[in-house]
Amino acid sequence: MLEQKIYEFIQKHQLIENGDKVVLGVSGGPDSICMLNILNQIKKQAWIDFEMVVGHVNHGLRENAVGDEKFVKQFCEEREITYFIRKVNVKEIAQRQKRGLEETGRMVRYTFFDEILKKTMSNKIAIAHNCNDNAETILMNLFRGTGTKGLIGIETKNGKYIRPLLETKRADIEEYLRQNGIAARHDESNEDNTFTRNKIRNMVLPYLEKEFNSNMLAALQRLSDIIKEEEAYWQKEMARIYREICISESETEMILDLKKFNELEKVVQKRMIFYSIQKLFGCVKGIEKIHIDDIIKLCNNNIGNKYLTPNKHLKIVTQKKQLKIIAVTC
């Protein structure tokens, strides 16, 4: 039974605990409606004592968007679930900010979910990514030339964000809805193969399953689990090494012992740079392999005072046998 399986997954990863208040991102599609219905059942049966509210964004991109909005509203009202709805013109925002539609839509959604979280004093945001989504993400990252961390795919739990359906196949979600007579909305844009993710979903994955491995989803999930274990180990190891080579740190700067840094194996140096930038900024977005390689060259050729600016927010300085990683205020 899918409800029991997802409940056990939630318990295993401590995604929802007694006393939590969770914002559910609900588009009206099969995945989010399945998540909403199952979490509502878990709540009603008192398997976990928690509260939940729903957030829905009308992106204004599709003719059926108004229908999606009405559907989510009715679904929640029938079950007496509190909901919040926002209508935005994603296309206009994307053009103004010079971003892609997909990226802009995601940014708008997560900003709205954050606002609901603060307004309702919630502590978690549930996103309905499933096993297929994870496989697609791993393949997308692989095709882009990711490092090992990109092969994790989507995180089950990332700060306040949780994904209760991450090990559930899309086919099982659709079967659950069919068996329980639950309707869901259809997003026709998922069939548009001009988008990379849709191309992987509709063309690449089916081909791999047909020609190479009928259990491709499970194989990619195993890969993800293996990398997660290894990354967890590396995180602990980086924290230990960082303590050994760190001279000082503040909110805007960290200073490492350059001699000790240069004595590290190159693979550890690369991870240490990522670890330090992540620690300083909370993310490593925009930091690519070429930046890491340049920083290592700068450190290895330690002659006089030198610096690099991989982007407008980050400055790397080698000075007086020290490696300084500095957050630049614009």
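What share of the 330 residues in the chain is buried? Buried residues make up 45% of them, where buried means under 20% relative accessible area, exposed means over 50%, and partly exposed lies in between (1.4 Å probe, protein chains only). The model is predicted, so local features need pLDDT of at least 70 and side-chain atom pairs count only at pLDDT 80 or more, while totals for chains, interfaces and linings use all residues. Residues are numbered from 1 along each chain as its sequence is written, and side-chain values use heavy atoms, with hydrogens and water left out.

**The chain as a whole**

- The secondary structure comes to 12 helices and 11 strands; helices (H or I, at least four residues) and strands (E, at least two) are DSSP runs, numbered from the N terminus.
- The C-alpha trace spans about 70 × 45 × 40 Å along its principal axes.
- Of the contacts in the chain with a separation of 6 or more, 66% are accounted for by residues 24 or more positions apart; contact means heavy atoms within 4.5 Å.

**Helices α9 and α11**

- Two packed helices are described by the angle between their axes and the distance between the axes.
- Helix α9 (residues 216–245) packs with helix α11 (residues 266–281) at an angle of about 85 degrees, and their axes are 10 Å apart.
- Axes are lines fitted to C-alpha atoms, for helices over the stretch in contact, and angles run from 0 to 180 degrees between N-to-C directions.
- α9 and α11 are therefore roughly perpendicular to each other, a label for angles of 65 to 115 degrees; under 35 counts as roughly parallel, over 145 as roughly antiparallel and the rest as oblique.
- Among the residues that meet are Trp234, Met238 and Tyr242 in α9, and Met272 and Tyr275 in α11.
- By class, this contact of α9 with α11 has nine nonpolar, two polar and three charged residues. Ala, Val, Leu, Ile, Met, Phe, Trp, Tyr, Cys and Pro count as nonpolar, Asp, Glu, Lys and Arg as charged, and the others, Gly among them, as polar.

**The five-stranded sheet**

- Five strands form an open sheet in the order β7-β8-β11-β10-β9, with antiparallel pairing; two strands pair if DSSP finds at least two bridges between them.
- The edge strands, β7 (246–249) and β9 (306–311), each pair on one side only.
- From one strand to the next, the twist averages 15 degrees.
- α11 packs on this sheet and touches β7, β8 (253–257), β10 and β11, its direction making about 40 degrees with that of β11.
- Six bridges join strand β10 (residues 314–319) to strand β11 (residues 322–327) in the antiparallel sense, and Leu314 has Ala327 in β11 as its bridge partner.
- α12 lies across β9, β10 and β11 and runs at about 175 degrees to β9.

**Salt bridges**

- Side chains of opposite charge can pair when their charged atoms come close.
- The count is 19 salt bridges, each a side-chain nitrogen of Lys or Arg within 4 Å of a carboxyl oxygen of Asp or Glu.
- Lys289 and Asp293 meet in a salt bridge (2.8 Å, N to O). Being four residues apart in helix α12 (residues 289–300), Lys289 and Asp293 are separated by about one helical turn. Lys289 is exposed, at 59% relative accessible area.
- Glu78 pairs with Arg79 in a salt bridge, with the closest N and O atoms 3.4 Å apart; Glu78 is exposed at 54%, and Arg79 is partly exposed at 28%.
- Asp133, Glu136, Arg170, Arg197 and Arg201 are linked in a network of salt bridges.
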